Amino acid sequence: MAEFDVDLFVIGGGSGGVRAARIAAGYGARVMVAEEYRMGGTCVIRGCVPKKLLVLGSHIRHEIDDAAGFGWTIPSATFDWPTLIANKDKEIARLEAAYTANVEKSGARIVKTRAVFEDAHRLRLATGEIVSARYVLVATGGAPNHGVDVPGIEHVISSNEAFHLSELPKRIVIQGGGYIALEFACIFAGFGSDVTIIYRGENILRGFDDDVRIHVRSEMEKEGITILTGCTVTGVDRHGEAFTTHLSNGSSIASEKVMFAIGRHPNVANLGLEKAGVAINPKNGGIAVDGWSRSSVPNIYAIGDVTHRHNLTPVAIREGHAFADNVFGKRPVRVDHSDIPTAVFSQPEVGVVGFTETQARAEFSHVDIYKTTFRPMKATLSGRDTKVLMKLVVDGSTDRVLGCHIVGDYAAETIQAVAIAVKMKATKADFDATFALHPTSAEELVTMRIPTERHVREAAE
Ligand SMILES: Cc1cc2nc3c(=O)[nH]c(=O)nc-3n(C[C@H](O)[C@H](O)[C@H](O)COP(=O)(O)OP(=O)(O)OC[C@H]3O[C@@H](n4cnc5c(N)ncnc54)[C@H](O)[C@@H]3O)c2cc1C
């Protein structure tokens with residue numbers, strides 16, 4: 001009889017867990033995956049995918065508005081939120097079924113239940129059943145974090161609930177300045193809601209390049225979104241179906257919904273990690289792991305958002321794949337977390353890869369900046385008041401392109417391709433040698449000849 005019931009027990013059927021389970025099963029491992037909610041996890045069920053569907057839906061308003069300048073007369077368009085939500089839910093159910101089928105096809109077994117540690121090798125399912133495993137992979141993801149309690153916090157929704165509102169709010173207050181807050185602000189504004197963003201910092205999108213932060217804010221404000229920075233929500237009062245949000249600056253705002261998107265925390269609570277001896281990283285509250293995603297307990301690994309490293313789907317997938325290759329494929333693969341491209345699906349979109357100007361200037365003694373803002377061709381006829389931003393951050397000593405930052409239509413699609421060049425350590429000369437593709441916005445990336453700024457740090461005496 002085998003020493004353990006399974007070779008691998010995966011806790012969490014999200015992006016990372018599913019990839020690890022399928023690859024490990026492909027290597028011949030006996031795999032069990034526990035999922036307490038819905039297969040596919042955050043990305044598929046209440047993250048990237050439904051979010052992008054709503055973004056695409058709300059963007060159609062811009063297309064309709066822009067059409068007149070191109071000669072189109074479109075009779076007054078109407079929008080039905082319940083139809084969009086129902087269609088989105090149908091697509092999510094299809095994807096969930098596909099995820100389930102693919103895991104089962106790989107030979108892994110799914111148990112639709114919560115699983116927690118009894119000890120380092122034994123898991124307890126919600127049914128009471130105990131399963132023993134040679135290896136355990138914790139892939140439990142993260143969850144919205146509302147921060148400190150304020151009076152009326154029970155009236156506040158997170159992104160989880162925003163996907164299931166029965167009707168479109170006429171007015172919504174969103175606290176947060178990160179990508180989820182901005183994306184939902186633009187989604188609701190696109191559909192016609194009156195949106196106010198509340199953010200405690202000086203400017204939205206902390207951690208992004210300062211030019212990107214300034215540019216996005218100005219573009220969102222032009223679209224009619226109110227952005228209040230330097231203040232926080234201190235309380236929320238309910239009056240029937242409406243709310244009053246009180247702010248630290250003494251003002252208050254009336255709305256039909258109040259949403260917080262101020263951060264997410266790793267799902268480590270009540271998992272029995274202490275029974276298994278798994279250590280938490282004190283710096284971020286996630287499971288502490290080494291470069292191989294191995295926890296403080298040799299047979300327990302953790303990947304994805306529960307480790308709170310880079311909370312993005314492709315990162316969780318790559319970490320899950322690498323784990324399975326290492327442990328069951330005997331192919332040592334260490335995930336390189338540098339140059340991860342990321343997008344904000346605001347309107348306009350943001351796409352970035354590599355160093356911000358601030359990061360580059362802290363690390364390199366000579367940094368050249370190539371920056372341009374321009375009116376996109378479409379706006380010349382649509383009359384939309386919008387500008388594109390493109391910025392390259394270059395190491396002036398080696399000519400290597402360290403970072404690329406784009407705000408404008410298709411920024412995410414563009415940055416995916418630029419990320420290949422940045423990952424390959426392309427130089428500015430390589431960009432210059434590349435033919436422009438005319439007429440596009442992206443051609444600006446290969447036609448910026450003269451640095452707009454040059455930052456040279458004097459060597460210390
Ligand atoms: C609104 C929103 C938009 C996002 N947009 C993007 C985007 O555009 N691009 C991008 O790359 N990333 C995006 N993300 C982030 C992305 O969704 C996550 O990084 C990714 O899903 C992490 O995958 P994971 O496998 O670590 O965890 P998850 O996908 O969160 O999966 C964890 C799973 O574990 C299950 N679980 C938890 N505890 C237990 C337990 N004890 N027993 C059994 N099951 C358990 C959960 O139910 C869940 O299904 C977004 C996230 C949100 C919230």
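How many bridges join strand 8 to strand 14? Strand 8 (residues 171–175) and strand 14 run parallel and are joined by four bridges. The structure is a predicted model, in which local features need pLDDT of at least 70, side-chain atom pairs count only at pLDDT 80 or more, and totals for chains, interfaces and linings use all residues. Residues are numbered from 1 along each chain as its sequence is written, and side-chain values use heavy atoms, with hydrogens and water left out.

- Strands are DSSP runs of E with at least two residues, helices are DSSP runs of H or I with at least four residues, and both are numbered from the N terminus.
- Two strands pair if DSSP finds at least two bridges between them.
- An open sheet with parallel pairing has four strands in the order 10-9-8-14.
- Strand 10 (226–229) and strand 14 (257–260) are the edge strands, and each pairs on one side only.
- On average, neighbouring strands of this sheet are turned by 15° against each other, direction ignored; the axes are lines fitted to C-alpha atoms, and angles run from 0 to 180 degrees between N-to-C directions.
- Val-173 has Val-258 in strand 14 as its bridge partner.

- Six bridges pair strand 11 with strand 12 (residues 242–247) in the antiparallel sense.
- Val-233 has Leu-247 in strand 12 as its bridge partner, and Val-236 stands opposite Thr-245 in strand 12.
- The hairpin of strand 11 and strand 12 has two residues between the strands, and Gly-240 takes a positive phi near 60° there.

**The ligand**

- The side chain of Glu-35 has an N or O atom 2.6 Å from an oxygen atom of the ligand.
- A backbone N or O atom of Asp-305 lies 2.9 Å from an oxygen atom of the ligand.
- The side chain of Arg-114 has an N or O atom 3.2 Å from a nitrogen atom of the ligand.

**The largest cavity**

- A cavity is a set of points, on a 1 Å grid over the protein atoms alone, where a 1.4 Å probe fits but cannot get out; lining residues have an atom within 4 Å of a point.
- One cavity of 30 Å³ or more is found in a search of the whole structure.
- The largest cavity holds about 40 Å³ of space, a volume being the space filled by probe spheres set on the points.
- Its lining consists of Arg-38, Ile-45, Lys-88, Asp-89, Ile-92 and His-164.
- Helix 4 (residues 81–105) gives the most to this lining, with three residues.

How values were computed:
A polar contact is a pair of N or O atoms within 3.5 Å; within protein, one must be able to donate a hydrogen and the other to accept it, and residues adjacent in sequence count only if both atoms are side-chain atoms. On a 1 Å grid over the protein atoms alone, a cavity is a set of points where a 1.4 Å probe fits but cannot get out, and a pocket is an open set with protein on both sides within 12 Å along at least five of seven lines; lining residues have an atom within 4 Å of a point.
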